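Please read the report below alongside the sequence and the structure shown here.

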Amino acid sequence: MQAATMNLHDDIAIRARGLSRRFGALQAVDRIDLDVPARQVHGFLGPNGSGKSTTIRMLCGLLTPSQGQIEVLGLRIPEQAEALRSRIGYMTQKFSLFEDLGVRENLEFLAAIQGVQAAPARIDALLERYRFGDRQRQLAGTLSGGQKQRLALAGAVIHEPELLFLDEPTSAVDPESRREFWENLFELADSGTTILVSTHLMDEAERCHRLAVIDRGRLVAEGTPSALTGALQGRTLRLRAADPRALQRRLLAVPGVLGVAQVGTALRVLLAADAGAAGRQRVVAELASAGQPVQVDDVAPNLEDVFVAVTGNDARGAGEGRA
Ligand SMILES: Nc1ncnc2c1ncn2[C@@H]1O[C@H](COP(=O)(O)OP(=O)(O)OP(=O)(O)O)[C@@H](O)[C@H]1O
Ligand SMILES: [Mg+2]
């Protein structure tokens, strides 16, 4: 019995039940249930202010929940947060390096704080692994955005944590650096590290093994990216027209249309679950009366569609910071 319980805990790195946090009148995190399997890259997707950082801070033991239970790596949090500290890495949303220390000095400092054994060898390996071999003395403040994120990741894993919390690690870096950063994350996961990574970028979310989608403090969807998008099969249309903006408002008023977003010169339409063939016909009829030729294609659903479907908000509109 005891052994079975242990195994269960081994395979679930993070478990939260009814996790809530209130700041005065604001319910920032609202009864979130979360299971993060070990050795996976688990995404935490939500728009600005949805409660991602607040949740991560509670899971790390840095912020006390108003309500709910947390178990991380078999430890009760926040009660056993002290024992957790050496087993996790945390890359905060705000840049977490000492800008007036060199690359190597940053890692030396973090190694000292974490009490890393054989620190010089570990630092050599990280400098090599994260491609800082010829920049060891460069001041961290003078690195490019992508290099800073790479150094911050090296710092977060210096003590070889079992579990890594990354809070929007790539929000300030270019696509090429992001791709490389994500390759580093998968390599860490392959070597046994569990990763919880928050993002508001749909292309990043698509890469995760599993995703938790939150909106206004609530968990609104959970699953693999393909399961989440697969559930919307048959509900997404792409329209090509000469004047898409003129169509956008008209279509939003059509019953059964949940969202209409302009993507380049096309419009992407998401139909409600119960809209069915009739919903599609209503869209086509509305287009026919709009007086411009329109090409209608069925397209594969993506995670932005998932977000619109589960929240009712069109994340692709003017929402601040959403991609
Ligand atoms: N210490 C605090 N005191 C008061 N309100 C707070 C505090 N920390 C967070 N909040 C509020 O809680 C809500 C959730 O914030 P949080 O930082 O968790 O969101 P987020 O999803 O990380 O957003 P972002 O994508 O912008 O980083 C926000 O409305 C925020 O203003
Ligand atoms: Mg945040």
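The sections that follow take up the basis of the model, its strand pairing, its metal site and its pockets.

## Basis of the model

This is a predicted model, in which local features need pLDDT of at least 70 and side-chain atom pairs count only at pLDDT 80 or more, while totals for chains, interfaces and linings use all residues. Residues are numbered from 1 along each chain as its sequence is written, chains are lettered from A and ligands numbered from 1 in the order in which they are written, and side-chain values use heavy atoms, with hydrogens and water left out.

## Strand pairing

Strand β1 (residues 12-23) and strand β4 (residues 67-72) run antiparallel and are joined by 5 bridges, with Gln-67 in β4 as the bridge partner of Ser-20. Strands here are DSSP runs of E with at least two residues, and helices are runs of H or I with at least four, numbered from the N terminus; two strands pair if DSSP finds at least two bridges between them.

β4 is also joined to strand β5 (residues 75-77), again antiparallel, by 3 bridges, and Val-72 has Leu-75 in β5 as its bridge partner. The hairpin of β4 and β5 has 2 residues between the strands, and Leu-73 there takes a positive phi near 50°.

## Magnesium site

Ser-53 (OG) and Gln-93 (OE1) coordinate the magnesium ion (ligand 2) at 2.0 to 2.2 Å. The pair links distant parts of the chain, 40 residues apart, since Ser-53 is in helix α2 (residues 52-60) and Gln-93 in the loop between β6 (88-91) and α4 (103-114). Donors are N, O and S atoms within 2.8 Å of the metal (3.2 Å for Na, K and Ca), and water is not among the atoms, so the site may look incomplete.

Ser-53 is partly exposed, at a relative accessible area of 22%, and Gln-93 is also partly exposed, at 38% (buried means under 20%, exposed over 50%, partly exposed in between, with a 1.4 Å probe and protein chains only).

## Largest pocket

The largest pocket has a volume of about 400 Å³, and of its 19 lining residues the closest to the centre are Ile-88, Gly-89, Tyr-90, Gln-114 and His-159. A pocket is an open set of points on a 1 Å grid over the protein atoms alone, where a 1.4 Å probe fits, with protein on both sides within 12 Å along at least five of seven lines; lining residues have an atom within 4 Å of a point. Grid points are joined across faces, edges and corners, and a volume is the space filled by probe spheres set on the points.

β6 gives the largest share of this lining, 4 residues.
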